[in-house]
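Thanks, everyone. Please have the sequence and the model open.

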Amino acid sequence: MPLIFKSNNGKGNALGIWRMDEPFSFFLENLNETEVYEEKLRNKQLERLGTRHLLNVLANRNIHHKVHYDSYGKPHLADGSTFISFSHKRNHVAVIISNENALTGIDIEELGNLPVKLAPKFISENDKVPDSVFSQQERATLIWSAKETLYKVYGKKELDFKQHLTVCFDKENRLNGFVNKGSYSQEIKLAYEFVDGLTLVHTL
């Protein structure tokens, strides 16, 4: 059971990361899926199945059949009982669920050189994450992941990562995120971890 990270902050939030080492059939059986899947779409379908399996594990009940996506592609539960957010990278999926916080988001990113190369496109002088605390790869990946999380919380797309999103270091494992676009302005508390070669950022 490769649930490699799980957390519950006692505020109605539960989140986790699942490393998908199991065969495709494992998820089909656990979700009682009978749909026929195309081999050429196997990776994308595995992400979908793994995400829904982890959602059930965190909720401790089968709620995967209630997932739907709005016109912006943001996931919701059909009955509105729980706020959810998903992420995936390589063979990992991440899920957060909250019974209380509508501003719910999660993101995982692979630590590497790509965020460093792309940094000028999404990091601005307003982002205050000190390079004295993090390596170059950690800093760039952390800001990228944090802004992806903010993007999911906002949920309406059309955000410029450099112009509309700001990330500031608060203390160890904590960040402050800001979304400012037009009349919309929101501060969002974030937490981060480095897990299994990944950067994990999620709302509190």
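What you are looking at is a predicted model.

Let me begin with Gly-112. Gly-112 sits in a loop, with strand S7 (106-110) on one side and helix H3 (114-122) on the other. Is this glycine buried or exposed? The relative accessible area of Gly-112 is 16%, and the cut-off for buried is under 20%, so Gly-112 counts as buried. Leaving aside residues up to four places away in sequence, Gly-112 touches Gln-137 and Thr-141. Eleven residues along the chain from Gly-112 is Ile-123, and the C-alpha atoms of the two are 16 Å apart.

Next, the nonpolar cores. Which residues have the most contacts inside the largest one? They are Leu-142, Leu-150, Leu-175, Val-179 and Leu-190, in a core of 22 residues. At least two residues of this core come from each of H3, helix H4 (136-154), strand S8 (165-171), strand S9 (174-181) and strand S10 (184-195). The biggest contribution is that of H4, which gives seven residues.

Not counting residues up to four places away in sequence, the contacts of Leu-150 include Leu-165, Thr-166 and Val-167. Leu-150 also touches Gly-177, Phe-178 and Val-179, as well as Ile-188 and Leu-190.

Now the protein as a whole. In secondary structure, we have four helices and eleven strands. The radius of gyration is 17 Å, which agrees with the value near 17 Å for a compact globule of 204 residues. Along the principal axes, the C-alpha atoms fill a box of roughly 50 × 35 × 35 Å. Of the 204 residues, 49% are buried. Among contacts with a separation of 6 or more, 48% are between residues 24 or more positions apart.

Last, the surface and the charges. The accessible surface is about 10,500 Å², and carbon and sulfur atoms account for 46% of that. There are 26 positive and 26 negative side chains, and the centres of these two sets are 3 Å apart.

That is the end of my part.

Technical notes
Residues are numbered from 1 along each chain as its sequence is written. This is a predicted model: local features need pLDDT of at least 70, side-chain atom pairs count only at pLDDT 80 or more; totals for chains, interfaces and linings use all residues. Side-chain values use heavy atoms; hydrogens and water are left out. The radius of gyration is taken over C-alpha atoms; the globule rule is 2.2 Å times the number of residues to the power 0.38. Buried means under 20% relative accessible area, exposed over 50%, partly exposed in between (1.4 Å probe, protein chains only). Contact means heavy atoms within 4.5 Å. Accessible areas come from the Shrake-Rupley method with a 1.4 Å probe; for residues, only the protein chains shown count as cover. Lys and Arg count as positive and Asp and Glu as negative; His and the chain ends are not counted. The place of a charge is taken as NZ of Lys, CZ of Arg, CG of Asp or CD of Glu. A nonpolar core is a set of buried Ala, Val, Leu, Ile, Met, Phe, Trp, Tyr and Cys residues joined through side-chain atoms within 4.5 Å.
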